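The sequence and structure follow.

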Amino acid sequence: MKVAPAAESISKPGALCPCGSGRAFAACCEPILKRERKAATAEELMRSRFTAHAVRDFEHLHRTYRETAGTPYVPAPDAPELAWTRLVVHAHEAGARPEVAFVDFTAYFADEDGEHAVHEKSEFVREGGEWLYTRAVRSGPAPVRAAAKVGRNEPCPCGSGKKFKQCCGR
């Protein structure tokens, strides 16, 4: 079996974690992957799941996915060979209940055609003191919200101090 590039790089002492936190792998995601500690937040679990993809630790992915968490892990003979390169977390939001949270992120992978992005907002739930990934709430970037329409006699949003109709509304 081929070793993933990230797996080779984290074996060096003091190597940075693939999750992009800027911390050393040994102090960031490694204790979570090795079950030495639980992820304290949904974002921390998301980062550990990205790292698991990068280093091909599919067992961690299995046990942190709500649908499969309670079942024994059986390795798949045809595991994907993607080279995950980096992770950017855009937002970590609390849900309507304290045991639910959302993480908006972009994960990047590389293949022979270059680098590609997967942008997703994911839902996480805390059960029995452990965070679990439940589902993708949205794929792709967040929808753009149109700015509120400015009235003719309202101050111009450009900051000129003039009325909109006498400034940018012309």
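## Cysteines

A residue is called buried when its relative accessible area is under 20%, exposed when the value is over 50%, and partly exposed in between. Cys-156 has a relative accessible area of 6%, so Cys-156 falls under the 20% limit and is buried. Cys-167, with a relative accessible area of 22%, is partly exposed.

The model is a predicted one, and 0 disulfides are present in the structure. In general, a disulfide is a covalent bond that joins the sulfur atoms of two cysteines.

## Arg-47 in helix α3

Helix α3 spans residues 42–55 and contains Arg-47. The relative accessible area of Arg-47 is 16%, which means that Arg-47 counts as buried.

Leaving aside residues up to four places away in sequence, Arg-47 touches Cys-19, Gly-20, Ser-21 and Cys-29, together with Leu-87 and Val-89.

## Arginines with positive phi

Most residues other than glycine have a negative phi. Arg-35 has a phi near 65°, a positive value in a residue that is not glycine. Arg-35 is located in the loop between α2 (30–33) and α3, and at 54% relative accessibility Arg-35 is exposed.

Arg-56 also is not a glycine, and its phi is positive at about 65°. The loop between α3 and α4 (58–63) holds Arg-56. Is Arg-56 buried or exposed? Its relative accessibility is 12%, so Arg-56 counts as buried.

Definitions and conventions: Residues numbered from 1 in each chain as written. Predicted model: local features only at pLDDT ≥ 70, side-chain atom pairs only at ≥ 80, totals over all residues. Heavy atoms only, no water. Helix = DSSP H or I, 4+ residues; strand = E, 2+ residues; numbered from the N terminus. Buried < 20%, exposed > 50% of the residue type's maximum accessible area, 1.4 Å probe, protein only. Contact = heavy atoms within 4.5 Å. Disulfide = S-S within 2.5 Å.
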